[in-house]
Amino acid sequence: MLEGTGTAAAQGARLAKVLTTLDLISLGVGSCVGTGMYVVSGLVAKEMAGPGVIVSFIIAAVASILSGVCYAEFGVRVPKTTGSAYTYSYVTVGEFVAFFIGWNLILEYLIGTAAGASALSSMFDSLANHTISRWMINSVGTLNGLGKGEESYPDLLALVIAVIVTIIVAMGVKNSVGLNNVLNVINLAVWIFIMIAGLFYVKGDNWSEGQFLPFGWPGVLKGAATCFYAFIGFDIIATTGEEAKSPNTSIPYAITASLVTCLTAYVSVSIILTLMVPYDAIDTESPLMEMFVAHGFYAAKFIVAIGSVAGLTVSLLGSLFPMPRVIYAMAGDGLLFRFLSHISSYTETPVVACIVSGFLAALLSLLVSLRDLIEMMSIGTLLAYTLVSVCVLLLRYQPESDIDGFVKFLSEEHTKKKEGILADCEKEACSPGSEGEEFTGPPTNTCGAKNLPSLGDNEMLIGKSDKSTYNVNHPNYGTVDMTSGIEADESENIYLIKLKKLIGPRYYTMRIHLGLPGKMDRPTVATGHTVTTCVLLLFVLMFIFCSFIIFGSDYIYEQSWWAVLLVVLMILLIVVLVFVILQQPENPKKLPYMAPCLPFVPAFAMLVNIYLMLKLSTVTWIRFAVWCFVGLLIYFGYGMWNSTLEISAREEALHQSTYQRYDVDVDPFSVDDSFSYATEGESYPGWGPSEDKGFSYQQMAEAKESHRTSSRSKSKGRHKPPSEALIANDELDYSPE
């Protein structure tokens with residue numbers, strides 16, 4: 001991956017670095033708020049949760065924020081890459097899991113684009129008093145079975161909208177973001193109008209006895225699974241890492257800010273909607289427009305219509321914007337067809353991927369109803385978020401050597417720019433402990449060692465040489481923050497300091513009794529394997545636990561002894577696994593942003609995401625299975641054999657086999673630059689008495705030292721006895737007798 005980012009610059013066309021933190025927040029908020037505010041709130045309120053939609057949104061937001069925290073850490077770990085969760089899992093877990101996540105992300109964005117186009121189409125239809133849909137049904141006819149068995153018309157208007165937005169996205173990133181920002185301002189103004197105007201029409205009776213949770217808590221939780229759809233825009237921020245000006249700081253800030261903004265918008269709109277209109281009278285197609293019509297305020301319908309056009313267009317842009325980038329990242333790695341990774345030198349966008357993804361989304365919006373699209377979109381996203389949480393857990397507990405590439409990668413970008421005195425000071429501060437060993441720069445990390453915090457963290461080591469000259473063998477190595485000299489744990493973790501004050505001196509005794517790792521403990525390969533095993537077991541156990549709670553809820557409510565025992569046993573096992581992970585030492589590497597409270601936050605994110613996934617309908621799961629099956633066919637038929645990893649592995653194997661042949665058979669007879677054929681009467685230097693043989697081999701090795709690698713020299717040494725045997729055989733064969 002690191003080589004790929006280097007060669008991309010050499011080949012010319014690269015993605016443009018033009019996005020600021022504000023642009024990223026605008027992209028995140030825009031892609032969430034559109035469909036979520038104007039469609040999902042009404043749909044969930046009417047059919048699933050009633051006014052309890054407010055609670056549904058809060059539950060979905062908590063799940064999103066937990067996943068958002070994990071996304072933010074990954075955005076900082078691998079900032080110079082595009083492809084979001086796909087790239088993160090490619091680096092941490094491996095190619096197959098990465099393909100699976102990438103394939104599901106494509107599904108998420110594909111359906112998001114189609115849903116946005118369908119929502120815009122139905123909104124225009126509502127503005128025209130349903131004349132468009134009537135005309136379509138009369139002139140084109142209806143298709144059966146595209147929704148849940150009901151008849152629906154092919155939505156030509158949605159197809160046209162999807163095509164237009166595809167052209168805008170393909171035109172270039174700055175154009176897309178500029179339009180996005182303008183539409184977001186309009187959306188914000190309309191949201192303020194809805195809040196103020198809606199207050200004049202609210203009725204407390206709509207929340208009266210039994211009206212707030214008409215479908216009970218199961219309805220609220222089912223609603224939360226669909227409401228989750230309304231928050232999925234934030235991962236667009238993570239896909240634009242390669243186009244952000246300063247990804248290390250802007251990605252975490254943008255993710256947090258966009259999630260908080262979206263939650264505020266959804267909850268406020270849901271309160272107004274459910275207080276203005278009884279939940280069973282809400283219009284599911286365009287609820288915010290029709291709620292003013294129900295009270296006779298027709299002018300407001302058109303004001304809200306302007307906002308919903310802006311909001312839904314932004315949402316559509318938000319879904320279509322990252323999809324080509326994920327396809328581009330996957331095609332670049334050879335997992336999808338290579339031609340999809342072409343970047344236009346004119347627009348600096350992956351044009352082929354844009355056109356292909358836009359065409360597929362347009363086709364989907366033409367044929368499938370909006371409700372089905374929304375349900376199906378959540379499942380791929382929830383799975384991607386779950387796997388991102390898994391990756392964070394795995395990565396934080398692995399030994400440094402396994403993730404050393406990240407350190408080098410983050411530091412290279414900064415150290416290349418440093419010159420003169422600054423470089424000299426760094427050289428002094430970071431020089432290795434052993435004498436005579438020179439500072440070699442980025443290939444051995446910025447400080448010639450593994451665990452030192454990289455310069456990607458914007459750390460200045462100048463003037464701190466007395467505190468920063470720890471070498472690898474120093475007992476405090478990796479535990480002291482180089483900028484402050486304070487122990488790393490204390491300088492970073494506020495919660496830990498508060499806990500120490502609360503418990504007092506007993507804190508350290510408690511840590512020893514619980515078997516928690518000390519500050520000097522570092523992860524090893526063994527502890528890394530332990531965490532990997534625990535995380536995989538945790539994933540499986542959580543899946544079984546959530547399945548039993550959802551599908552065996554009747555037995556639990558009836559308090560059957562075996563059901564209660566099973567639930568308690570599974571909870572205990574989950575707690576034990578989390579505690580075993582907690583006992584393993586974390587990697588000491590510090591990043592500008594790190595997910596707090598490990599391993600609890602990622603573990604809880606996994607639990608919530610799996611639960612919400614299993615709350616989705618059976619039809620959604622069947623469609624999802626079909627999509628996954630198509631993906632597996634592509635992977636095993638094309639991706640597995642043409643991936644960059646596979647090709648480089650084959651080349652390496654070929655390379656090694658060639659060198660082995662060369663070392664065994666050819667080396668003793670190879671003609672070196674300094675070698676001349678013996679004239680008559682002279683003997684060949686290698687064919688003399690046995691005591692000279694060692695000397696002649698040594699001479700050859702010295703002559704070739706300038707262009708031989710050490711590994712080749714070693715292999716030559718290993719193959720010496722067979723070579724001598726070959727020479728002896730040749731002498732027998734060619735003897736004059």
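A: On a 1 Å grid over the protein atoms alone, a cavity is a set of points where a 1.4 Å probe fits but cannot get out, and lining residues have an atom within 4 Å of a point. Grid points are joined across faces, edges and corners, and a volume is the space filled by probe spheres set on the points. Before we go on: this is a predicted model, where local features need pLDDT of at least 70, side-chain atom pairs count only at pLDDT 80 or more, and totals for chains, interfaces and linings use all residues. Residues are numbered from 1 along each chain as its sequence is written, and side-chain values use heavy atoms, with hydrogens and water left out.

Q: How much space lies in the largest cavity?

A: About 120 Å³. Its lining has 17 residues, and the closest to the centre are Ser 31, Ile 232, Ser 315, Ser 319 and Met 377.

Q: Which helix supplies the largest share of that lining?

A: Helices here are DSSP runs (H or I, at least four residues), numbered from the N terminus. α2 gives the largest share, four residues. At least two residues each come from α2 (21-49), α5 (95-127), α10 (235-239) and α13 (298-320).

Q: Is α13 largely enclosed or open, and why?

A: Buried means under 20% relative accessible area, exposed over 50%, and partly exposed in between (1.4 Å probe, protein chains only). In α13, 17 of the 23 residues are buried, so this helix is largely enclosed by the rest of the structure. As for its length, the expected span of a helix is 1.5 Å times one less than its number of residues. α13 reaches 33 Å from its first C-alpha to its last, close to the 33 Å expected.

Q: What about Val 601: buried or exposed?

A: Val 601, in helix α26 (residues 600-614), counts as buried at 14% relative accessibility. The C-alpha atoms of Val 601 and Cys 70 are separated by 8.4 Å, although the two are 531 residues apart along the chain.

Definitions and conventions:
1 Å grid on protein atoms, 1.4 Å probe; cavity = no way out; pocket = protein on both sides within 12 Å on 5 of 7 lines; lining within 4 Å.
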